[in-house]
Structure formats: structure tokens, C-alpha cells
Amino acid sequence: MFFSAETDPDMNRVRDIYPDMPVTCRPVNITTAEGDHMDRLDDLREQARAGGGPDKVGKRHEEGKLTARERLDLLLDKDSFNELGMLVTHTCHDFGMEDKRFLGDGVVTGYGTVHGRLVYVISEDFTVLGGSLSKKFAEKIAMTQSLALKNGAPMINIKDSGGARIQEGIDSLAGYGMVFMGNVRASGVIPQISVIMGPCAGGAVYSPALTDFVFMVDNRSYMFLTGPDVIKEVTHEDVTFEGLGGAAAHNSRSGVAHFKCDSEEQSIAMIRDLLTYLPQNNMEDPPVMLQQKKGGLRNKLGALIKQVKGGNRGEALEKVLPDNQSLPYDMKRIIEGIMDEDSFLEVHKHFAPNLIVGFGRLEGMPVGIVANQPAHLAGVLDTLSSAKGARFVRFCDAFNIPLLVLEDAPGFLPGVSQEHTGVIKEGAKLLYAFCEATVPRITVVIRKAYGGAYIAMNSKQIGADLNYAWPTAQIAVMGAEGAVKILHRRTLATASDPDREKKKLVDQYNEKFNNPYISANRGYIDEVIKPSETRIRLIAAFTSLSTKLEKRIDRKHGNMPL
């Protein structure tokens, strides 16, 4: 590049200061030196993006797996990723590690956007030393966690690691401690999502367990504290990796995972979908997403009026319940009839299916749904479903997501096993979670609401803002037949026609106790509504509660029955 008085106006001023300088000159080697620096940076970036090298990347592709960076490309909006810590390397000099340095040290960290909203991301790279965690690896994660917390944005961690880097000894263990502390500091402040894309073993499993949602890929990912070989040696049990800690095991049996996906691509698509229901942090409200409808406001209002009169999906709700009150039905039909079309996202689908939890929208407003499922165990509450419901309720409360409870619960599951596995304590978790929640809370009693389950499922006595009931609701200490057997035992024993006498007494009990109108008379139910009116009533109710402000007594924290 040349400077001259003709091309550079400032050149005349330079000549005044340096009169001996020629009119035209070339700065010494600046272009060449600058080019060297830029080329070097480009080379270093290329090395970092190469991960463990083409052979290992090729092997991943042969196995049908994506690389750490390819996963981020799918997760984040196009060209939105900003990497941090690309040139970090480990500092270990033992066991030949000084000759095994990779830029980035096996984890890709940074930030980008999903649907235009800021998120921070961590993606472990199995092609680099098996994705093993070193101290520097952990420091990169901790830095990203800290930035996410400071800036109030969701944190997404894609796990694919062989565990602690053994060559670093205590340093790698200290690194895990840093990561766990970051998870706990962020808990309830920003949404945290973990995605298990490969192995996650040993101490590494505690990080996803501390986050809000865990995704796993069927036949691709697994989590466990101790592997099959150790288990066989210690307990003599034979088990496969998949059977011990695969997606199916953790989604249906342990409850550690919340979503089971068929592929890496599906899991990433579901994460993007999940984020549309969540606020950025605990100081924001969840995003409202109105569906695009042809015809504008006039058609929308017309559709709502028609629904109130019993048309469209509202009319279909009238036909969901069987005539026989003892027969099961699928509560998801009611959820889908109430929520915006195709807006229901179920969480923990395969775990404790007698209770349904998930997210939906009412005229674009996100709500958390907790509903008994009569199609499984008649919708009873038990140890697993109570813990499942409690955790979901607490998440929604932490992130300002209103709660809708759809109740059809005949009670808590009886049995020696339930008592010995802590149904009292687990049921208390659900009670505690609802009592503690300050977000808008509405319950609709669909059919049965008996005994302790009536109270635990967001009754007015534990702080529900509004309680509705369908005409089919049965609200009592217990069902009519069970009550009659206890209350009229002697009468039935001496009756000339016990069956006829029992039917008469059951009818009397239902008329006097087991219907929604008694509860409505006493103010425990705010309104008895038709199924066809449910959606429009809930939209109006949640809108009215959108400015709810409830202040509790200051305390460090309560002592939840864990």
C-alpha cells in the first residue's frame, strides 16, 4: 500500500513534520507482517474446528453421529454462533499429555440465538480425548455458565464425554465441582437444559441431574454412575449399557430424563420447541406466541363465541367422558380440546404416566399443565407421580409460568409397597410445591376429586386462585360405594335386599355429598362450568390473573420434604 500527497490529504501534514520524507513511500513490511498474523490466526481456527482430526470425525459420521460443532449448527439460528475459548489448551504434563494438546481442549463453548433469543451453549467433543473433562475444559464451562447467569439467558449443555480426564487426577475432579456449583447457582434463575448425545458416566451425571430438563437419544446415549463391568464384579448382575442407563431406562424407570428422542436431529428440534414456552430468566414472563389465523380479529372473536355456545372443539369436549363414571378415558383429549391447536408439549411422557405434565398455550399464553390420567392406574397419585408433579410445579413457579390443573383423582394409591417407599413424603412434596407456588393457579375438576388427592391437586385451601368444576365432578372424602360400606355397614348387614338398599344409599350419598354443587355452595368451587365453556373461561381467567402479585414472608428457604 502506497501513501502520497495526492491520495492521502494527511500526507502534507506528515511532510511538514518530516521534510526529508519522499513524496511517495511504502511502510516497512506492514502488509506482509499483517498477513502473517492473519494467516496464523486462520490456521489456529482451522485446527480448533478440526477437533480430533479427520479420521475421528469420519468415524463419528460412519456411526451416524454428529460432531460437537454440527450439533450447534442445528441448534442455533444460522450464523448466530459466537465461540469463546477456542484456543484454550490443557496444562497437564504427565503421562505424555504434553504431546496431546488440542485447541479448545474437547469442548466448544459460546453463545448464539434460538428463534432470535440469546442462549449460551456448551458442546462436548468426543473426538478430542474422548470428550474427557480437564481443569481447563471445566473452566470453559464455568465461564459460560457465569456469562449465562449474568446476562439472564438459557444454558444448553450437549453432553458427549467419557468422564473425568484421569491423567489430571484431582484437578479434573475439582473441575466437576466448579461445573456443579455453576448449575446450582443458576437453578431457578435461568432455564438449564442438558442433552445427552453419547456417554455420560461417573461424576459427570450430576450436572444434567442438576438441570431443569434432560434429553436423551434412544440407542445412542446413556448415563450411569458405575458401568456394567463394575456392577457385574460387585453385585454379579449382568446388564447392558442400554439396559442400565439408556434413554428408555431413564425416561420410563428412573425419571432422570424428561424426553426420549429417536435421533440427534429430533432432540435438537425439540429443544428449540421447548424454548418457545420458556422465559429467558426468572425476571421475565414467558413469550406469548399467537397463532396466525386468517380473517383477523372478527373471525377469532366469532370462533370464541361459537365455542362458548358449544361449537368446534368445545362441543367435542362434551363427548369425552364415558357415561359410566367408573370407566377410564384419555385426559390428553381434554388437554388438546382446551389448548391452542397443536400446542401441547408433554414432559416426562414415559415416567409415571398416571400424571401428565407439560406445556401448552391458551391464545398464545404459555401455561404449565398438571393433569391426572385416568387411562393409567385410574389417575391415582403415588410416589413417582407425586415427585414428578412437584418438580414440574416448582419449575413453572420459578419461571413465572401459570399453572392449570385438570383433576380426576380417586385418591392416593394404597398398598404396603407405597407406604414403605414413602408415599407420605412424596405426596407431601406435591402439596409443598403447590402451597409454595405464587404464579396464577387454576384447577378444573373434571370428575373425581377424592380425599387427600383433592387437596394435593391445587385445591382452594392450598392457594389456588380459581377452582372450576364440570357438572360431572365428584368431590368428597371418598367414592359413594366405599362411603356407604363404612357409614351403613349395619344397615346393609340386616337389609332384606342388600343390593337394593345399597343402591338407594349410594344415590342418597351422591345427591347429598358427591357432586360439584355442594362444593360450590360452600365456596370451594368458584363456578360449575360446561365442558364447552372451559377454554374461553380459562383464557379470561388467566388474563385476569396476569397481574397477580403475591408476597410471601421472607426466609432463606423452606425445608421441603426431600
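This is a predicted model: local features need pLDDT of at least 70, side-chain atom pairs count only at pLDDT 80 or more; totals for chains, interfaces and linings use all residues.

Mentor: Residues are numbered from 1 along each chain as its sequence is written, and side-chain values use heavy atoms, with hydrogens and water left out.

Trainee: How many disulfides are there?

Mentor: A disulfide here is a pair of cysteine sulfur atoms within 2.5 Å. Searching the whole structure for them gives a count of zero.

Trainee: Is Cys200 buried or exposed?

Mentor: Buried means under 20% relative accessible area, exposed over 50%, and partly exposed in between (1.4 Å probe, protein chains only). Cys200 has 1% relative accessibility, so it counts as buried.

Trainee: How are the rings of Tyr277 and Phe359 arranged as a pair?

Mentor: Rings of Phe, Tyr and Trp (its six-membered ring) pair if their centres lie within 6.5 Å; planes under 30 degrees apart are stacked, over 60 edge-to-face, the rest tilted. The structure holds 14 aromatic pairs, and Phe213 with Phe395 is an edge-to-face one, at 4.8 Å and 70 degrees. For Tyr277 and Phe359, the centres are 5.8 Å apart and the planes sit at 25 degrees, so this pair is stacked.

Trainee: Which residue has its charged end over the ring of Tyr277?

Mentor: A charge sits over a ring if NZ of Lys or CZ of Arg is within 6 Å of the ring centre and within 35 degrees of the ring normal. Here the charged end lies 3.9 Å from the centre of the Tyr277 ring, and it belongs to Arg361.
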